[in-house]
Every structure is written in structure tokens, then in C-alpha cells.
Amino acid sequence: MSDPNAPKQSWRSSINDKGEYARKPSAFRNWISADGSSGFKAEAGRYHLYVSLACPWAHRTLIVRKLKGLEDVISVTVVDWMLGEGGWSFTDSKPKCTLDTVNNCKFLKEVYLKANPEYNANITVPCLWDKQKQTIVNNESSEIIRMFNKEFNAFCKTEEQRKLDFYPEGLRDKIDAVNEWVYPQINNGVYRSGFARSQEAYNTAVTELFDGLDKVETILSKSRYLVSNTQLTEADIRLFTTLVRFDMVYHTHFKTNKRCIVDYPNIWAFTRELYQMPGVAETVDKEHIMRHYFESHRSINPYGIVPIGPELDFMEPHGRDKM
């Protein structure tokens, strides 16, 4: 018999009585600060990031880490794309997957229990580990990207990267306002659609999802980015990690098949622009993305068969720079 107090390994633990997928909040919410006033000082080599290349939330952190030039400052472990009964695990037998050389764990749940032996909530990526204090600092992607954006500026590779600001003070209200509807309708909307366990829950989620995408298409028909015509912000990055997976996975696997992203001229061009930004394509791994979803979610895809398509040309000229 399984331990009812053990950490939760499956999305099924987030299904409510109405058959709706209700994502649970992240549990570790400490903050790293440049001056150390938060109790966690930004230092090179001190922090380690556990990620899945398949996960859009983890993908956000990898993009900001890359764009800010923090690859040599914050080390990374990539979990196995297969999410089995034991949860996220570590292996070096699959492309780009790595063993846990920081804590020498076999499963990510062991890292969580090392941080808190009484932890019994969801085991998620990304997960930011403090090697000095031997604990998890934060496992909320939206907060991790803001820490990477600002608190580690002293360690960026170049002055240009140091000056990059994806959450500028003058745009924060607009960014927050966009995130407020993009997250529930689109980022989490694909999961709410795919993990729905009632027709009503699915209908509600998928309708809100495409209402959100229609709204994004309208915005991007008039502006190069979501909140600015000239400046890339975290709102764009947060949306991109869902968009880049949409036609590969969500359209088929999560039944979000009303339209494809390639059917939206402005969204598809926006997606290509971000993909083509220096360093971003390196963070996108089609094999990890497709094999994780189609092989791991056996209640949705019982035989674990991975589709051969679609064929997507992310390198096609986007023309967004002419707006």
C-alpha cells in the first residue's frame, strides 16, 4: 500500500470533484537577492537548477538563464523525459539527460525530502537548489525568472546581457495584467483542457483557451510584443514556452484542436521570432517535449505512441522586425 503522506508524483492529484484540473501552488517561495538581505545571496556557483526540457515552466527559467548569460553561474540538471510512477528521475542514458551530481539522488522527490523530510505536496520542476544551505530556495518558475532577471546582474557574461530587463519598472503593471489572463487561459489552459475529466470541464477550459489565443492574435497584429512594440518582456517568454509546444503536443494530446498556432499569422510569426533569438532555439528540445507527453501520460495515450509530426519550420523568416 502506498504512503498517503508521500510526495505527490502525478497530475491526477490535482483533479477536483468536478473533473477540473486545478494546479496547486508552489511550496518553496524564498528569494535570492543581490545583497543577501533575503537570507539567500546571489553568488556564482552556489545555486543549482533542476529542470525538464519538456516542461514549459522549467523552459522559462532556461530561456532567461540563457539570455542573461548565467550558464556558468547557475548549474543545471536535466531529468529523464519519462515521468513514471516514481516521479521525475535522473539518468545519463538518454540524450541531454543527466545524473544528479549535486545531491546524488535517483529521483527528484529525494531532493524535495532532503530539503524538507515532511514534504508531502507535488514534486515539480523547475526546482532551484542552494548548495550552501542544502535546501530548495524556490520551485515557482515565475519567481525564479525574476531572480535571474535582476538579482544576478553582477555575474552576467556581457554588459549587454546585464542591461537586459524582462520586467522593467515602467512596464510592470502592463506585464502583470497580461500574465493575469495568459496564465489561466493559455499557459494552464492547455493542461486544464487535456487533464479535464468531464465534458463540462473540458468545454470550459478549451473555450477560454481559444478566447485567449484570439486575444493574443489581436494584440500581436498591432504590436511586435505583448506589452511593448519595442521591448521583449517576461510576458512574451512565458507565452512562448506554451506556443512552441502547442502544435507539437497540445493540439493532439490535449485535444486543443480547434485551431493550430500556424493558423494564427501573427502568433505563429511571433513564435518564430522568439525561437530565432540567439540562444533560445538551444533551449527547445523536440524529442524531450514529444516523448515526455506522449510516453508519460498513459491514461491519455495508453500505448505511449509518439506521433511522427507535425513538420514545423521555426526558422522561416518572421518579419516581425518590420512592424
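Colleague: How many salt bridges does this structure hold, and what makes a pair count as one?
Modeller: The count comes to 16 salt bridges, where the term asks for a side-chain nitrogen of Lys or Arg within 4 Å of a carboxyl oxygen of Asp or Glu. This is a predicted model, in which local features need pLDDT of at least 70 and side-chain atom pairs count only at pLDDT 80 or more, while totals for chains, interfaces and linings use all residues. Residues are numbered from 1 along each chain as its sequence is written, and side-chain values use heavy atoms, with hydrogens and water left out.

Colleague: Why is the contact between Arg192 and Glu208 called a salt bridge?
Modeller: The closest N and O atoms of Arg192 and Glu208 are 2.9 Å apart, and that lies within the 4 Å limit, so the pair qualifies. Arg192 belongs to helix α6 and Glu208 to helix α7 (residues 199-220), so the bridge ties together parts that are 16 residues apart in sequence; helices here are DSSP runs of H or I with at least four residues, strands are runs of E with at least two, and both are numbered from the N terminus.

Colleague: Is Arg192 called buried or exposed, and how do you know that?
Modeller: Its relative accessible area is 18%, and buried means under 20%, exposed over 50% and partly exposed in between (1.4 Å probe, protein chains only), so Arg192 is buried. Glu208, at 30%, falls in the middle class and therefore counts as partly exposed.

Colleague: Which residues does Glu71 touch, and what makes something a contact?
Modeller: Glu71, placed in the loop between α1 and β2, touches Arg65, Lys66 and Lys157, not counting residues up to four places away in sequence, and contact means heavy atoms within 4.5 Å. Glu71 and Lys157 are 86 residues apart in sequence, with their C-alpha atoms 8.8 Å apart in space.

Colleague: Why is the aromatic pair of Tyr191 and Tyr293 called tilted?
Modeller: Rings of Phe, Tyr and Trp (its six-membered ring) pair if their centres lie within 6.5 Å, with planes under 30 degrees apart counting as stacked, over 60 as edge-to-face and the rest as tilted. Tyr191 and Tyr293 are 6.4 Å apart, centre to centre, with 45 degrees between the planes, so the two rings make a pair and that pair is tilted. Tyr191 lies in helix α6 (residues 189-194) and Tyr293 in helix α10 (residues 286-296), so the pair ties together parts that are 102 residues apart in sequence. Tyr191 is buried at 7%, as is Tyr293 at 1%. Both also belong to one aromatic cluster, whose members include Trp57, Phe210 and Tyr250.

Colleague: How do you know that the charge of Lys215 sits over the ring of Trp181?
Modeller: The rule asks for NZ of Lys or CZ of Arg within 6 Å of the ring centre and within 35 degrees of the ring normal. The charged end of Lys215 sits over the ring of Trp181 at 4.2 Å from its centre, and Arg146 lies over the face of Tyr167 at 3.7 Å from the ring centre.

Colleague: What makes helix α3 mostly covered?
Modeller: Eight of the ten residues of α3 (residues 141-150) are buried, among them Glu143, Met147 and Phe148. What covers them includes β1 (47-51), α1 (56-67) and α8.
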